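Subject: Handover of a structure

Dear colleague,

Please find below the structure that I am handing over to you. My notes on what was found follow it.

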Amino acid sequence: MQKIKHLSKAAHNEDFFNNFNLDDTRFRDWVVVALFYSLLHYYEAYFAINNKHSKTHDISDDWIANDDKISATYLDYRDLKQERWNASYWSKIFSAKDIRDSILPKFNNIKSHLSRLF
């Protein structure tokens, strides 16, 4: 997939997130999932610049951790990946505060970092 398509999909997933009022929704788990997958598409857009496309999360993990231009985002990425796992498989209940204070700052840090590379 081309960089522009990944950026479009990332924006699409963010739009999904933006349709929720965090204080009122019961679907904060899906907010966490959407934000994580938005980030994956931002990373894939970065990879596409070098004609790379990861086929699994393990490949993405390795590339993110070992690429000098993006490795500074790895710890936030790893935390958000775990929270996505918690939302999807462990039925973790997220508060609006959890998302505002923990999820969104990490999401924004990664997005900002990657955006400077496009």
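**What was found**

Phe16, Phe27 and Trp30 make a nonpolar surface patch of about 310 Å². Patches are made of residues with over 30% relative accessible area and no salt bridge, where like charges are joined within 9 Å and nonpolar side chains (Val, Leu, Ile, Met, Phe, Trp, Tyr) within 5 Å. The accessible areas come from the Shrake-Rupley method with a 1.4 Å probe, and for residues only the protein chains shown count as cover.

Please note that this is a predicted model, in which local features need pLDDT of at least 70 and side-chain atom pairs count only at pLDDT 80 or more, while totals for chains, interfaces and linings use all residues. Residues are numbered from 1 along each chain as its sequence is written, and side-chain values use heavy atoms, with hydrogens and water left out.

Helices (H or I, at least four residues) are DSSP runs, numbered from the N terminus. Phe27 counts as partly exposed because its relative accessibility is 35%; buried means under 20% relative accessible area, exposed over 50%, and partly exposed in between (1.4 Å probe, protein chains only).

Helix H4 covers residues 74-89, and its 16 residues reach 22 Å from the first C-alpha to the last, close to the 22 Å expected at 1.5 Å a residue. The expected span is 1.5 Å times one less than the number of residues. Among the buried residues of H4 are Tyr77, Leu80, Lys81 and Glu83.

The structure holds 7 salt bridges, each a side-chain nitrogen of Lys or Arg within 4 Å of a carboxyl oxygen of Asp or Glu. In one of them, Lys81 meets Asp61 at 2.5 Å, N to O. This pair links distant parts of the chain, as Lys81 is in helix H4 and Asp61 in helix H3, 20 residues apart. Both residues are buried. Glu83 is bridged to Lys92, with the closest N and O atoms 3.0 Å apart. Salt bridges that share partners also join Arg78, Asp79 and Lys106 into one network.

Two backbone angles deserve a mention. Most residues other than glycine have a negative phi. Asn51, however, has a positive phi near 55°, and lies in the loop between helix H2 (28-49) and helix H3 (57-66). Ser91 likewise has a positive phi of about 55° although it is not a glycine, and sits in the loop between H4 and helix H5 (96-115).

Yours sincerely

Terms used: Helix = DSSP H or I, 4+ residues; strand = E, 2+ residues; numbered from the N terminus.
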